[in-house]
Amino acid sequence: METYSTIDETRGWLEEARITGKSVGFVPTMGALHEGHLALMQRAKTENHCCVCSIYVNPTQFNNRQDLEKYPRNLNQDARMLENIGCDLLFTPQTDEIYPHGVQELLDIEFGRLDKVMEGRFRPGHFRGVATVVRKLFDIVKPDRAYFGKKDYQQLAIIREMVRQYQLPVEIMASDTVREPDGLAMSSRNMRLTIAERQVAPVIYQVLQQIKQRAGKKTIRELISWGVKQMEKKPGFSVEYLEIANRYTLQPISTWKEKDEAVVFVAAFLGDVRLIDNLELFS
Ligand code: AMP
């Protein structure tokens, strides 16, 4: 595996690959890698001639300074994991490489209603930061396919919308959420949970599953208030939102008429760690 921190070296390596007709699969990440990231890499490897991973903790998508500072960083271990699964190229840029004119330089893009709800509502500016960095990374890597996790369902919708608006020549591939044996969605943030918090964290997925089982039988309003109560009964939990929304528009739904397109979404603080998860109710 080659590891580069400059755009020039990365572009140079990829140009060579492209000249010989190789397709490129790309997985952008913020590092502190786990099985969820590796599953995306494995898929990128299987479906392309070469696979590229980027590790960059993008400051413009954090609306909370503390969250940015506390974000786990584990580059040596990440590089070993990527080497072991056969990643071809790891790109680890610094901020002056990605934002040469400063971090105030953000993409001028409107997402309509997509970024007004859920993560967009509670983390203002987050998706503009995500779209900015992903657009820049796509421009450097020029992947044929880019892989994203459904764990960040709204992010996936935002990226698809950005690709559509700029007509970028990249295929966006979505992969299922990888979970711990007890159901907790894998996340780099899980390593910041205390032992006690980690023990109660699986209630998030249990609530999502039970909402799925009861979908169509109870009203949406009943299920949401029941779900919030279940989580907040556990010590340290504070639910930011629990919503059932349309998979395409991400707008909340209030009746089961749209059940075939319904997804349940949650964001909750466990202590000072913010966790998100979701479950498709139609599959
Ligand atoms: P991050 O490093 O958190 O920015 O995530 C990089 C990519 O990995 C994003 O496309 C995420 O959606 C995806 N990802 C993160 N956690 C998981 C998971 N548990 N299962 C599947 N994909 C994931």
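Which helices and strands each supply at least two residues of the shell around the ligand? They are β2 (24-29), α2 (35-47) and β5 (145-149), with helices (H or I, at least four residues) and strands (E, at least two) taken as DSSP runs numbered from the N terminus. This is a predicted model, where local features need pLDDT of at least 70, side-chain atom pairs count only at pLDDT 80 or more, and totals for chains, interfaces and linings use all residues. Residues are numbered from 1 along each chain as its sequence is written, and side-chain values use heavy atoms, leaving out hydrogens and water.

**The shell**
- The ligand has 17 residues around it, and the closest are Met 30, His 37, Asp 152, Val 178 and Met 186 (near means a heavy atom within 4 Å).
- Helix α2 gives the most to this shell, with 3 residues.

**Polar contacts** (N or O pairs within 3.5 Å)
- His 37 brings a side-chain N or O atom to 2.9 Å from an oxygen atom of the ligand.
- On the nitrogen side, a ligand nitrogen atom lies 2.8 Å from a backbone N or O atom of Val 178.
- The protein buries 92% of the 480 Å² that the ligand exposes when taken alone (Shrake-Rupley method, 1.4 Å probe).

**Salt bridges**
- The count comes to 19 salt bridges (a Lys or Arg side-chain nitrogen within 4 Å of an Asp or Glu carboxyl oxygen).
- Asp 272 pairs up with Lys 70 in one of them, the closest N and O atoms being 2.9 Å apart.
- That pair links distant parts of the chain, 202 residues apart: Asp 272 is in the loop between β8 (262-270) and β9 (273-280), and Lys 70 is in helix α3 (residues 65-70).

Notes
Polar contact = N/O pair within 3.5 Å; in protein donor to acceptor, adjacent residues only side chain to side chain.
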